[in-house]
Amino acid sequence: MCKKYVCLISLVFLLGMVGNVSAAVTYNQYSGPYDGDWNTAANWALGRVPTTSDKAGAKTVGGPLVAASTPACGEWTLGGTAGGIITINAGGSVSTVVGDGTGRVSMGQSSGEAGTLQMNGGTATFAGILDLGYAGTGSKINLYGGTIDAANFAIGTAGGNGTMDITAGTLKIAGDKVSLINGYVTSGWITAYGGLGTVNVDYNVRNPGKTTVTATEPAFASNPSPANGAAGVALDVNLSWTAGIYAVSHDVYFGTDSTPDSTEFQGNQTATTFDPGTLTTSTTYYWRIDEVNSTNPASPWIGQVWSFTTQSGTATLKKGPYLIYPGNNAQMTVLWQLDSSATCTIVWGTDTTYSSGSANTTEYGTDHQHKYNITALTPGTKYYYKVTVGAGFTTGSFRAAPPATASNVKFLLYGDTRTYPAIHDTVSAAMVNTFETDPNYQTILLHDGDFVNAGLTELSWTTDFFDPAMLNTREMLANIPLNGAQGNHERQVNGGQNEGWLYLKYWPYPYVGDYYWSFDYGPVHIAVVDEYASYAPGSAQYNWLENDLASTTKDWVFIISHEPGYSAGGHADNPDVQAYLQPLCELYGVAVYFAGHNHYYARCAKNGVKHITTGGGGAPLSDGNINYSQYVEVYVKANHYCKINITGTQLDFVAVKPDGTVIDTFTLGGALPPPGKATNPSPANGAADVATNATLSWTAGSDATSHDVYFGTTSPGTFKGNQTATTYNPGTLALGTTYYWRIDEKNATGTTTGDVWSFTTTSTVAAPTFVAAGAVSSGTGAITPALPSGIAANDILLLFLETANEAISITNQNGGTWTEVTNSPQGTGTAGGTSATMITVFWSRYNGTQGAPTASDSGNHQAGRIIAIRGAVASGNPWDVTAGGVEAVSDTSGSIPGATTTVGNTLVVTVVAASLPDKASTANFSSWTNANLTSLTERTDNAVNAGNGGSLGIATGIKATAGAYGNTAVTLANAAYKGMMSIAIKP
């Protein structure tokens, strides 16, 4: 078990170091003249034309020209801080393959980098993803001829962006990418003929199994203003359009007939604007532009019929109306925004006579916003409302929240709607169809954050979320209240982080503090967590949340925030959610934790708590991994939303694509029989000589959902609390003492009292035990090694730091107390040199709340890892003896100095730091041997390539009796210089 754990940690560390770079390809930079021949070996830094073992790079102002076939490459990187261009002409052929490399083409790999792919003809075949504008901005593809055939395609994967303009060329992508491409077109990232033409997209039509993207020559009128389908258009609007490239003049058709003919013909003109005069409020107009050129036999080019609807009064609706639920089931808040000052009227009722009430509203704030909180509603009743602005009006409806005594409720959930409003509109249409088909879903919609892309810019709110042309989203917002959590993009502007004041402007929920609050909804209690204000133990938000969860009497309790604690990768799991909120979820019976941040669907489970990642509301979809962690149960990369149906003690959950395809279902609760008794106690009933650091465990009774734990020195023990886990850590026990314990099994039906079990502890002190190792941290600057998981108060933390024989210290103890261990450090070689290494060791007694420490920048590089040990002496230094030494000879054998212990049952921790430049793998150390130690087990085997590189190996073994434990031998994969220590932790 321990060996498997170490291998997993090492593999994660290795992948974390490698990132997007394949260790199996060699970087080969183009260094020839501008438009130099790709196939000329002298034009490349390695003196050879790139092959499958190379990553071809063009990251300077110039770049190669491809006019003939070229050898396949392992990968490409295109674009540096000075630019970079690759030009492919007719007859040219380039490709990447999966093998030594990933087949990936990255344009603008890092921030500040940009490049150009100029396709004038020929072919480009990429076996991996074509990443346009990966992290840098300004990269572009000019697809003016030829064909690009890629296994995958993305723009702005890591926060960058880029553009593609298509004229005579063709883009082919494996699989169905129609929604993705349409989103890029909507955002203006893919254009045809410089934005004048039409982008054509299909899947499995022109090329089986592939998405095909081409351009139509811009002969037709395009880019209508007002936009097709626009609403709230001003009465004095002027129409405009972009002329087709062959047009000499334009036939204009305009009127209220949806099929314009000679009756609506307004004349022929050369201008690309038309003034229809003063229009009528709340009227839909239709118009068409036919492009005319009498010398061209294809003339006229009959245009598309466009439409728009005028404003309902002299002021125009900019946003809304939309709804939020303020947490009182007799109230609903309606909000909207105008483009100028006006007094509005709102009326409401249980039918469209709107006879329940009316009110006049005036704007609040400084941006023409209106808000009215409707009160005295009957819980569970459907209401209709109408907002009147001048001579026009807008209508909507909602269902008041259910009675507090309700046991049944349905509601909807989604998140991450930023960037692609057209995709969001498709998801919105599906949700509207859901509550129109089943009115019981017209209740409340939860949003887990990232409403918009740049939340500190008004434009992003207008175009990302409240775009008036997105008719389905407008209808959804007008007919179901939306309650959400703030995402990181709500605090973001131009790539930076800031306060989310525009989020507050548009979503004025009754916050308790910062952006956190909670509310009841029928049988449900929902706590909204603000992950961008402290929620560490002791903080205001943590104290509020714990009291909130402890105080609710609702049968179903949920938490919603933005960043998930357990997901399927992409953005890493939030460690603070795991450390601070997961224990509260387990303690207070939170059924499901809702989050987004990763743009896919995932379901995870940890100790009875479901963790749902629903980030498919419109943001660019991202990749996850079903094998990311042991907690992942389901992962699907798709746009989607979720439906929750609660009927008494049962919850039915469905995740569904906009086309109705179900991607996940699960059920919680339900009618249960009384739980069975807990069985299989460990320690076994009546056991003797039990270790003083024993952890209790048992097998849950049938249908048990939680467990009441009793433990103590008198039968049946003292009540310790209710929990969902089937293990209990009683802390360090007394020697030679009999303990009694009982587990009572619980579910919604009742409680089953368990048998009383007992055990007696050993009369001698057990050896301390290894708990876990945290993740490795390394770099050429200051580092913050992570605390191990599963640690408890009074565990001993040992921090091992490897440097190039350069001194290192702890600059931020982060709530803990860290002290250097006796005989530390041990170093050899010229400081900062390639043959130098040093091991430095610090220790701390975990206080239950401290965070990860930060170690200083020693110079060349530093690598660090923390291990945790349980069952050590409760006060003072945790070691009995220590020893240290160096080997200033570079070889593959190490002999770690030993010492003589004065007490029995010590846990001897042996560590070797070595200079292993240019090696980063999980097999640096092996064959740990010491005849005086039992259970000698390797705990850490890591190397880093930051700076000159180095490695760190740790093993533990038990010295059962007092006395000399001698040297520990270890074999290294490469010859290296070594700094070594051993530390005997006493019980």
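This is a predicted model: local features need pLDDT of at least 70, side-chain atom pairs count only at pLDDT 80 or more; totals for chains, interfaces and linings use all residues.
## Ile 526 and its strand

Let's start with strand β37, which spans residues 524-528 and holds Ile 526.

Leaving aside residues up to four places away in sequence, Ile 526 touches Leu 446, Trp 517, Ser 518, Phe 519, Phe 558 and Ile 560. Leu 787 is another story: 261 residues separate Ile 526 from Leu 787 in sequence, and their C-alpha atoms sit 31 Å apart.

## The nonpolar cores

Phe 558, one of the contacts of Ile 526, also shows up among the residues with the most contacts inside the largest nonpolar core, along with Trp 461, Phe 465, Trp 507 and Phe 653. That core has 82 residues.

## One face of α4

Trp 461 and Phe 465 are also buried residues of helix α4 (residues 458-465), together with Ser 460 and Asp 464. Looking down the α4 axis, these buried residues stay within an arc of 100°, so they line one face of the helix.

## How α7 and α8 pack

Helix α7 (residues 540-551) packs against helix α8 (residues 575-588) at about 15°, with 10 Å between the axes. Angles under 35 degrees count as roughly parallel, so that's what α7 and α8 are. The crossing is right-handed.

On the α7 side, Tyr 542, Leu 545, Glu 546, Leu 549 and Ala 550 meet Tyr 580, Leu 581, Leu 584 and Tyr 588 of α8.

Terms used. Residues are numbered from 1 along each chain as its sequence is written. Side-chain values use heavy atoms; hydrogens and water are left out. A nonpolar core is a set of buried Ala, Val, Leu, Ile, Met, Phe, Trp, Tyr and Cys residues joined through side-chain atoms within 4.5 Å. Buried means under 20% relative accessible area, exposed over 50%, partly exposed in between (1.4 Å probe, protein chains only). Helices (H or I, at least four residues) and strands (E, at least two) are DSSP runs, numbered from the N terminus. Contact means heavy atoms within 4.5 Å. The arc is that of the directions from the helix axis to the C-beta atoms. Axes are lines fitted to C-alpha atoms, for helices over the stretch in contact, and angles run from 0 to 180 degrees between N-to-C directions. Angles under 35 degrees count as roughly parallel, over 145 as roughly antiparallel, 65 to 115 as roughly perpendicular and the rest as oblique. A crossing is left-handed if the near helix is turned anticlockwise from the far one by less than a right angle, and right-handed if clockwise.
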